[in-house]
Amino acid sequence: MRIEQLEYLTVVTRLGSMRRAGEALHVSQAALSQTIGNLERELGVKLLERHRTGTRLSSGGRELLPWITEVLDAVHRLRAAADAQVRTRSMIRIGTVQAATVPLVAPAMREFHAAHPQTQVELVTTQQADIHEALRGGGLDLGIVNIIDGDDLPPDIAAVELLRGRPVVCCRTDSPLTRLDAVPLDRLFDEPFIAMRSGYLMHRYIHRLTAGRPPAFAYSADGAEMGKVMVAEGLGVTLLPDYSVVDDPLERSGLITHRPLAADAGDVLLIAQHARTRHLPQPIRHLVRILQAQAARWRRER
């Protein structure tokens with residue numbers, strides 16, 4: 001018997017559907033059905049009943065549910081106790097899409113290091129889908145990602161909102177776009193456009209904003225930091241959340257600036273995420289609180 005089998009069973013029970021449970025767990029219905037079938041054969045009890053209206057616990061499953069819950073609770077307590085055993089050095093792995101690096105992430109890392117000098121922090125830059133997968137598998141402890149206001153969040157990933165921003169056109173200070181109070185959509189592609197690569201939220205955002213109309217010429221970049229460097233080098237303009245541009249060192253040095261976009265396709269949110277099924281050690285919980293406090297300071301100063 002594996003803990004994964006019991007966790008899968010509880011998700012199916014909670015959602016009442018093998019299809020919805022498979023989507024939430026990111027496994028195929030066939031794999032999910034096989035996993036629970038193996039558990040039923042091992043226990044010798046039919047646990048689920050499938051109907052046209054959904055899937056629910058059988059009478060035998062309902063009788064065993066208190067013990068299943070007790071086992072999972074014990075596993076969570078074990079994980080918490082193991083975390084408490086860590087006394088000297090530990091490692092926190094954070095996945096980021098390079099959003100709000102200067103106003104939020106870097107100051108939070110500095111404050112966290114002062115409070116936890118023996119805890120190492122590894123920042124991994126990758127795409128949102130990879131961050132979600134690593135959170136589920138335990139490869140990452142925390143994710144810092146962008147979402148568009150109104151996006152559906154994975155049910156097995158908990159989220160804490162940090163910042164809410166508006167997309168702005170990031171351009172060089174000598175760009176003709178700086179003479180505009182706001183940049184209309186029909187002027188956005190006057191210069192070569194530096195797009196985020198497919199898999200990044202701003203790639204999806206610009207595609208939605210322009211109804212799929214591509215720019216005449218575009219570069220593709222991995223993340224906001226590379227995009228801003230390319231803008232500073234005069235290669236074109238890009239579209240980023242305001243919290244990724246405002247008060248950036250390249251802006252403070254006079255190499256780049258920003259203008260609001262004269263179009264509305266919704267806010268962009270920066271959120272911290274972690275897997276719901278994993279116990280968060282105290283240092284990670286403290287880091288989330290630091291990120292929230294730093295985000296609140298940034299909002300007050302704007």
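## Ground rules

The model is predicted, so local features need pLDDT of at least 70 and side-chain atom pairs count only at pLDDT 80 or more, while totals for chains, interfaces and linings use all residues. Residues are numbered from 1 along each chain as its sequence is written, and side-chain values use heavy atoms, with hydrogens and water left out.

Helices (H or I, at least four residues) and strands (E, at least two) are DSSP runs, numbered from the N terminus.

Threonine 55 is part of strand β2 (residues 54-57). With 9% relative accessibility, threonine 55 counts as buried (under 20% relative accessible area, with exposed over 50% and partly exposed in between; 1.4 Å probe, protein chains only). Its contacts (heavy atoms within 4.5 Å) include Val12, Met18 and Leu48, leaving aside residues up to four places away in sequence.

## A five-strand sheet

Five strands make an open sheet in the order β4-β3-β5-β12-β6, with mixed pairing; two strands pair if DSSP finds at least two bridges between them. At the edges are β4 (119-125) and β6 (157-165), each pairing on one side only.

Strands β5 (residues 142-148) and β12 (residues 268-275) run antiparallel and are joined by six bridges. Isoleucine 144 has alanine 272 in β12 as its bridge partner. Helix α8 (residues 201-209) packs on the sheet and touches β5 and β12, its direction making about 5° with that of β5. Helix α11 packs there too, touching β3 (90-96), β5 and β6, at about 20° to the direction of β6. For these angles, axes are lines fitted to C-alpha atoms, for helices over the stretch in contact, and values run from 0 to 180 degrees between N-to-C directions.

## The nonpolar cores

A nonpolar core is a set of buried Ala, Val, Leu, Ile, Met, Phe, Trp, Tyr and Cys residues joined through side-chain atoms within 4.5 Å. The largest has 66 residues, and Leu239 and Leu270 touch the most other members. Helix α11 (residues 282-301) gives the most to this core, seven residues.

Among the residues that leucine 270 touches are Ala99, Ile144 and Tyr243. A separate core of 16 residues includes Leu6, Met18, Leu57 and Ile68.

## A buried loop threonine

Threonine 178 sits in the loop between β7 (167-172) and α7 (185-188). At 18% relative accessibility, threonine 178 counts as buried, and Cys171 and Arg259 are among its contacts.
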